[in-house]
Structures are given as structure tokens and as C-alpha cells.
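These are my notebook entries on one structure, set down in the order in which I looked things up. The sequence and the model come before the entries.

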Amino acid sequence: VGIHMKAYEDQVPIIVIGGNTGSFLGEYMAGGVIIVLGLHGKGGPAVGSFLGSGMHGGAIYVRGKVEARCLGEGAALAEPDEADWEKLRLYLTEYCADFGLDPAEVLAGGFVKVAPRSHRPYGSLYAY
């Protein structure tokens with residue numbers, strides 16, 4: 001089952017996933033924020049293959065590392081900037097309070113950001 005997210009004006013959907021995910025997370029994502037913590041993993045990667053395929057908005061934050069080979073077409077890896085860290089601290093403080101976790105410990109795991117390469121990843125495929 002896919003989740004297609006899109007932000008509307010100042011309404012920004014946020015999903016925090018405590019465990020790991022499979023393939024195609026964030027496929028055709030048009031907005032919002034997905035945070036993958038990978039807290040209950042069995043030593044494998046927190047995300048599957050084709051991460052962010054066709055993504056043209058929003059951001060996916062993954063705790064730990066993501067190999068470039070896991071990315072889908074149109075997605076790019078980036079280091080979170082200070083604005084990203086502010087969002088992560090805000091969202092994860094609430095998440096950790098709800099689940100009895102230490103936010104400092106969760107944030108200490110380090111994060112990578114997955115963002116769209118372009119806001120129109122398939123624009124060249126359409127005739128004008």
C-alpha cells in the first residue's frame with residue numbers, strides 16, 4: 001500500500017516511522033515530511049530500494065546512513081541544514097514524549113535528508 005503525500009498551503013503532513021520501511025517509500029511524494037528512525041531494525045538498512053522515486057516535493061529524513069543505490073529516480077541525498085535540524089528536533093521531541101524515548105539519544109543517531117532533484121522530475125517527458 002502506497003502513501004501519496006502532498007502539502008497544501010500551510011498544511012504539512014508529517015509521518016514518523018519508528019522502525020524500518022520497505023521499498024518505494026515516498027514514491028511520487030509531492031510535499032510533507034517523512035522521518036524514518038530505524039529503531040527496531042535487525043542490523044539492516046532503515047529503508048528499502050527506490051526511496052523517493054518520482055519525488056517532486058517534501059523531504060524524507062532517515063536516521064543513520066542511506067546508500068545512493070537505494071535512491072529512486074529523481075531523489076537526491078543531502079546533509080540536513082540548520083532549518084532541517086530545527087524541524088527534526090521539534091517533531092522528534094513530541095514523538096519521543098509519546099513513546100517514552102530520549103530525544104537526545106534518537107537525534108544523536110545522525111540523519112540524512114532525501115529531497116527531490118527537481119520540482120518537475122518528468123517535465124521533459126511531456127510535449128508542449
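Predicted model: local features only at pLDDT ≥ 70, side-chain atom pairs only at ≥ 80, totals over all residues.

**Entry 1. Terms and conventions**

Residues are numbered from 1 along each chain as its sequence is written, and side-chain values use heavy atoms, with hydrogens and water left out.

**Entry 2. Lys113**

With that rule I looked up Lys113, whose side chain makes a polar contact with the side chain of Asp84 at 3.2 Å. I located Lys113 in strand β5, residues 111-116. Strands (E, at least two residues) and helices (H or I, at least four) are DSSP runs, numbered from the N terminus.

Is Lys113 buried or exposed? I found Lys113 to be buried, because its relative accessible area is 17% and buried means under 20%, exposed over 50%, and partly exposed in between (1.4 Å probe, protein chains only).

I then listed the contacts of Lys113, a contact being heavy atoms within 4.5 Å. Leaving aside residues up to four places away in sequence, Lys113 touches Ala59, Ile60, Tyr61, Ala76, Leu77, Ala78, Pro80 and Asp84.

**Entry 3. The chain as a whole**

I recorded two helices and five strands for the protein chain. Along the sequence, the pattern reads β-β-β-β-α-α-β. Of its 128 residues, 38% count as buried. Among contacts between residues at least 6 apart in sequence, 62% join residues at least 24 apart.

**Entry 4. The sheet**

In what order do the strands of the open sheet lie? I read the order of the five strands as β1-β2-β3-β5-β4, with mixed pairing. The edge strands are β1 and β4 (75-78), each of which pairs on one side only. From one strand to the next, the twist averages 20°; the axes behind such angles are lines fitted to C-alpha atoms, for helices over the stretch in contact, and the angles run from 0 to 180 degrees between N-to-C directions.

Two strands pair if DSSP finds at least two bridges between them. Strands of a sheet pair through backbone hydrogen bonds, either parallel or antiparallel. I noted that β1 and β2 run parallel and are joined by four bridges. Ile17 stands opposite Val36 in β2.

I also checked Thr21, which lies in the loop between β1 and β2. Thr21 counts as buried at 18% relative accessibility. Apart from residues up to four places away in sequence, Thr21 touches Val36, Ala46, Val47 and Gly48.

**Entry 5. Aromatic pairs**

Rings of Phe, Tyr and Trp (its six-membered ring) pair if their centres lie within 6.5 Å; planes under 30 degrees apart count as stacked, over 60 as edge-to-face and the rest as tilted. How many aromatic pairs does this rule give? I counted three. Phe24 and Phe50 have ring centres 4.8 Å apart and planes at 10°, so this pair is stacked. The pair links distant parts of the chain, 26 residues apart: Phe24 lies in the loop between β1 (14-17) and β2 (30-36), and Phe50 in the loop between β2 and β3 (57-63). Phe24 is partly exposed at 41% relative accessibility, and Phe50 is partly exposed at 43%.

Tyr95 and Phe99 form a tilted pair, 4.8 Å centre to centre with 40° between the planes. Both lie in helix α1 (residues 82-99), four residues apart, about one turn of the helix. Tyr95 is buried at 13%, whereas Phe99 is exposed at 56%.

**Entry 6. Backbone of Phe24 and Phe50**

Most residues other than glycine have a negative phi. I noted a positive phi near 70° for Phe24 and a positive phi of about 60° for Phe50.

**Entry 7. Cysteines**

A disulfide is a pair of cysteine sulfur atoms within 2.5 Å, and by this rule I counted zero. Cys70 is buried at 8% relative accessibility, and Cys96 is buried at 0%.

Notes:
Polar contact = N/O pair within 3.5 Å; in protein donor to acceptor, adjacent residues only side chain to side chain.
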